[in-house]
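Notebook open, structure viewer up. I'm jotting down what I looked up, in the order I looked.

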Amino acid sequence: LTLLCCASCASPKTPPPTTPTKPKLAPKAAATAARVGKWAIRGTKLFVRDVGPKDAPVLLVVHGGPGGNHNSLRALEVFSPAYRVVLYDQRGTGESDRFTVSPKDPASLRKLSLKENVEDIEALRQRLGREKISLLGHSWGGALAVFYAAAYPQRVDKLVVYSGGPETAELSKRKRGAHNAKLTAEEKAKLKAGTKALVAALRKGATQDELDERVVKLASLTFGALNCQRAKSGDHGASIGRGGFWANQIVGAYVRSFKYANIAPGLAKLEAPTLLIWGKCEPSPIERLTNLLDLIPKARLAIFAKSGHNAMTEQKPLFFASLRAFLSGKELPMKTYTKRSEVPPAKP
């Protein structure tokens, strides 16, 4: 068992592609009313929260996990007056439908694979009727957004990789070690006991509802250690919504065989401006992003000095000002790096 978490349907007919006007982001944009429901996408139903004018450029928000949900990223709806901000729960997690999954049935496991998640994004783009979409992925969602960009570089308008990105087995091991080192003794003890109970429940044939609930509680124990300023005991993990146990286990398995060479050719064709975001207190190695700096032609890296995994909350004004500037095609209010050689070394 590997815990990988960090943290009325529309017509199925695809509308004709549109050419939205260039977004103009107001200094203080107020979010508009949300359209919420499940969309039939590639043999399942994905929960979608769709905010902003239907004819505006699309900003698709890709949540973390694997096995998380969109709830913690709803603050990004502030961009909805200029963008059609679309948040969704990935297949098999959040409020999206579940699959019948069995470790003894490889076909059932493939329904939750990385490839299926990439194709879901492409299906969402088609459903939204856009030639290109902008993507913002957080944590694991940053990796998924990159995999999509490598597979469909011509479909990406702008790309934001926020505290995430693909990782090899070696980077994943370093990330877990650094994260574990920041946990308190109490958190480690609770995590060990909770993992043991989860494995026992799995062996006894627990329902997906029970497994989903258990994996969210376990993941929430680790959230405080992701930040520069540790959350007070009991503050993190509250009201984070439903997770997906099987999505967590299956989608994250890509790291076992992942090589950057697999995505390098696709990313070399990516013409979209790309913003990479990393916090200095982040337990995940900075190489997850500097490796992308090497592979993506128009990438730049922004380092948030007083943030960990969640600059959107730890350095909120600077984060939103920087993201607003990037989406508008303007200079960011902070230093960025376009070459690995320019990036200051991360402290161990």
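**Around H2**

I started just past helix H2, where glycine 129 has a positive phi of about 70 degrees. Before going on, the ground rules: this is a predicted model, where local features need pLDDT of at least 70, side-chain atom pairs count only at pLDDT 80 or more, and totals for chains, interfaces and linings use all residues. Numbering runs from 1 along each chain as its sequence is written, and side-chain values use heavy atoms, with hydrogens and water left out.

I use DSSP runs for helices (H or I, at least four residues) and strands (E, at least two), numbered from the N terminus. H2 covers residues 114–128, 15 residues in all, and spans 22 Å from first C-alpha to last. That is close to the 21 Å expected at 1.5 Å a residue, the expected span being 1.5 Å times one less than the number of residues. I checked burial next (buried is under 20% relative accessible area, exposed over 50%, partly exposed in between, with a 1.4 Å probe and protein chains only). In H2, 13 of the 15 residues are buried.

**Whole chain**

I counted 11 helices and nine strands in the protein chain. Of its 348 residues, 55% are buried. The chain exposes about 15900 Å², with 54% of that from carbon and sulfur atoms; the areas are Shrake-Rupley with a 1.4 Å probe, and for residues only the protein chains shown count as cover.

**The sheet**

In what order do the nine strands sit? I read S1-S2-S4-S3-S5-S6-S7-S8-S9, an open sheet with mixed pairing. Here two strands pair if DSSP finds at least two bridges between them. S1 (34–41) and S9 (336–337) are the edge strands, each pairing on one side only.

S1 and S2 run antiparallel with eight bridges, and valine 36 stands opposite arginine 49 in S2. Their hairpin has two residues between the strands, and arginine 42 there takes a positive phi near 50 degrees. S2 has seven of its eight residues buried, so it is largely enclosed by the rest of the structure. S2 (residues 44–51) then joins S4 (residues 84–88) antiparallel through four bridges, with aspartate 50 opposite valine 86 in S4.

At S3 the sense is parallel: four bridges to S4 and four to S5. Valine 58 has arginine 84 as its bridge partner in S4, while leucine 60 stands opposite leucine 135 in S5. Is S3 covered on one face or both? Both: Val58, Leu60 and Val62 are buried on one side, Leu59 and Val61 on the other.

**Helices across the sheet**

Axes are lines fitted to C-alpha atoms, for helices over the stretch in contact, with angles from 0 to 180 degrees between N-to-C directions. H2 lies across S1, S2, S3 (58–62), S4 and S5 (133–138), at about 120 degrees to S1. H11 (residues 316–328) lies across S3, S5, S6 (156–162), S7 (274–279) and S8 (299–304), at about 160 degrees to S6.

**Aromatics**

Last, rings: those of Phe, Tyr and Trp (its six-membered ring) pair with centres within 6.5 Å, and planes under 30 degrees apart are stacked, over 60 edge-to-face, the rest tilted. My search of the whole structure gave 11 aromatic pairs. Phenylalanine 245 and tryptophan 246 have ring centres 4.9 Å apart and planes at 75 degrees, so the pair is edge-to-face. Both of these residues are buried. I also noted one aromatic cluster formed by Phe79, Tyr162, Phe304, Phe319 and Phe320.

Methods:
Contact = heavy atoms within 4.5 Å.
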